[in-house]
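Reader: Hi! Could you walk me through this structure while I have it open?
Author: Happy to, just ask as you go.

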Amino acid sequence: KLNHSNKKNISLNSCYLKTPFRKYNQEEELIVEIENHGSEKKKNILLQLFVNDKKRGFLNIDIEGNTKIKKSIKFKNIDKGNIAGKIVIDNDDFKYDNTLFFSYEVKDQINILAITENKLNNSIKQVFNDPMFVLESFNKKQINFEKIQDYDLIIFDHLTTIQKGLSSYIKKNLMNGKNIIVFPNKNIDIESYNYFFNEISVDKIIRWKNKENKINNINYDHLIFQDVFNKKNEKIKFPYSKGFYELKINKLKQRKNILKFFNNEPFFMEYKNFKGSFYLCTSPLDIDISNFTKHALFL
């Protein structure tokens with residue numbers, strides 16, 4: 001082992017964007033981890049951000065010896081398509097780890113597919129009426145399986161059964177970073193749902209419960225609610241559901257509860273088992289069962 005005497009190196013260890021969704025003209029926040037490998041404090045280290053070869057931001061930082069710190073740089077997405085970025089340190093003794101490259105995509109439009117039992121639920125149609133969304137719907141009997149990979153988000157709109165062939169294609173989409181939302185029918189084939197849930201490693205359905213329950217627990221820290229609430233509000237008039245599917249809850253680190261009922265049973269949750277996210281609502285959106293679609297939380 002060769003030990004060098006000079007340990008005054010500053011390195012760029014990693015970077016990530018604070019939120020996973022990229023949008024044109026959206027303000028981004030890039031988090032950068034910097035490490036001082038030496039024992040002496042470093043002052044006025046210049047950190048520069050370039051996006052598509054244009055300088056978009058900089059920071060002057062001080063960092064104590066033998067320390068890692070995280071700093072953020074804000075900038076706005078002014079380009080569409082594939083974005084190439086880099087972070088550069090100029091004033092450092094060692095040059096070999098002074099540039100960190102990253103990339104991401106800003107989509108012009110978000111492609112959404114709703115797979116329906118009969119016709120598209122009107123509440124889903126109203127949510128995605130912004131021009132940036134391209135919403136298509138297929139009846140479950142007329143799905144073009146080869147086209148599924150073209151969509152960023154796939155919604156299971158109150159299906160009674162989930163075909164095994166569809167399960168396989170959806171799992172591939174999750175593995176490739178696409179997102180899935182399931183709103184179940186009141187009268188589902190539990191076995192077909194649980195086959196699909198087993199394939200993607202999420203909690204299984206036990207039974208339907210005809211029991212009115214009020215939602216009263218919000219995960220304020222979840223990404224969905226970022227910039228929605230200024231503070232926690234205990235006086236929110238929460239939505240309710242007259243029935244829901246009871247789940248066999250396992251100890252899954254990948255599960256994040258988003259909304260829960262008063263009795264602590266889950267109403268809406270996210271599973272992050274793959275690159276993409278799988279979202280499950282335990283209750284249908286039918287207005288005669290739940291008033292969720294009439295509540296601001298739904299949007």
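**A chat about cavities, sheets and loops**

Author: Let me start inside: β15 (244-248) and β18 (278-281) each supply at least two residues of the lining of the largest cavity. Keep in mind that this is a predicted model.

Reader: Good to know. What is the volume of that largest cavity?
Author: The largest cavity comes to about 30 Å³. Searching the whole structure turns up one cavity of 30 Å³ or more.

Reader: And which residues line the largest cavity?
Author: Its lining consists of Pro 184, Ile 205, Tyr 245, Leu 247, Leu 280, Cys 281 and Thr 282. By class, six of the residues lining the largest cavity are nonpolar, one is polar and none is charged.

Reader: I spot a cysteine there. Is Cys 281 buried or exposed?
Author: Cys 281 is buried, at a relative accessible area of 1%. Cys 15 is partly exposed instead, at 21%.

Reader: How many disulfides does the structure hold?
Author: Zero disulfides.

Reader: Okay, pockets next. What is the volume of the second largest pocket?
Author: The second largest pocket has about 190 Å³.

Reader: What lines the second largest pocket?
Author: There is a run from Glu 117 through Asn 118, Lys 119, Leu 120 and Asn 121 to Asn 122, and the lining also takes in Asp 157, His 158, Asn 185, Lys 186 and Asp 286.

Reader: How does the lining of the second largest pocket divide by class?
Author: Five of its residues are charged, five are polar and one is nonpolar.

Reader: Let's step back. How many helices and strands are in the protein?
Author: The protein has three helices and 18 strands. Its C-alpha trace spans about 70 × 40 × 40 Å along the principal axes.

Reader: What percentage of the residues count as buried?
Author: Of the 299 residues, 47% are counted as buried.

Reader: Now the sheets. In what order do the four strands of the open sheet run?
Author: The order is β4-β3-β6-β7, and the pairing is antiparallel. β4 (54-63) and β7 (99-106) are at the edges with a single partner strand each, so one side of each has no neighbour in the sheet. On average, neighbouring strands of this sheet are turned by 20° against each other, ignoring direction.

Reader: Over how many bridges do β3 and β6 pair?
Author: Strand β3 (residues 42-51) and strand β6 (residues 81-89) pair over five bridges, in the antiparallel sense.

Reader: Which residue in β6 is the bridge partner of Val 51?
Author: That is Gly 85.

Reader: And the sheet of nine strands, what is its order?
Author: This open sheet runs β9-β8-β10-β11-β18-β17-β16-β13-β14, with mixed pairing. At its edges are β9 (133-139) and β14 (240-241), and each of them pairs on one side only.

Reader: How do β8 and β9 pair, parallel or antiparallel?
Author: Strand β8 (residues 110-116) pairs with β9 in the parallel sense, over seven bridges.

Reader: Which residue in β9 does Ile 115 stand opposite?
Author: Ile 115 faces Phe 138 there.

Reader: Where is Asn 44 found?
Author: Asn 44 is in strand β3. With a relative accessibility of 53%, Asn 44 counts as exposed.

Reader: And what about the phi of Asp 53?
Author: Asp 53 also has a positive phi, near 65°, in a residue other than glycine. Its place is in the loop between β3 and β4, and Asp 53 is exposed, with a relative accessible area of 69%.

Reader: Last one: where is Glu 64 found?
Author: Glu 64 is in the loop between β4 and β5 (67-76). It is partly exposed, at a relative accessible area of 44%.

Conventions. Residues numbered from 1 in each chain as written. Predicted model: local features only at pLDDT ≥ 70, side-chain atom pairs only at ≥ 80, totals over all residues. Heavy atoms only, no water. 1 Å grid on protein atoms, 1.4 Å probe; cavity = no way out; pocket = protein on both sides within 12 Å on 5 of 7 lines; lining within 4 Å. Points joined across faces, edges and corners; volume = space filled by probe spheres on them. Nonpolar A, V, L, I, M, F, W, Y, C, P; charged D, E, K, R; others polar. Pairing = 2+ DSSP bridges. Axes fitted to C-alpha atoms, helices over the stretch in contact; angles between N-to-C directions. Disulfide = S-S within 2.5 Å. Buried < 20%, exposed > 50% of the residue type's maximum accessible area, 1.4 Å probe, protein only.
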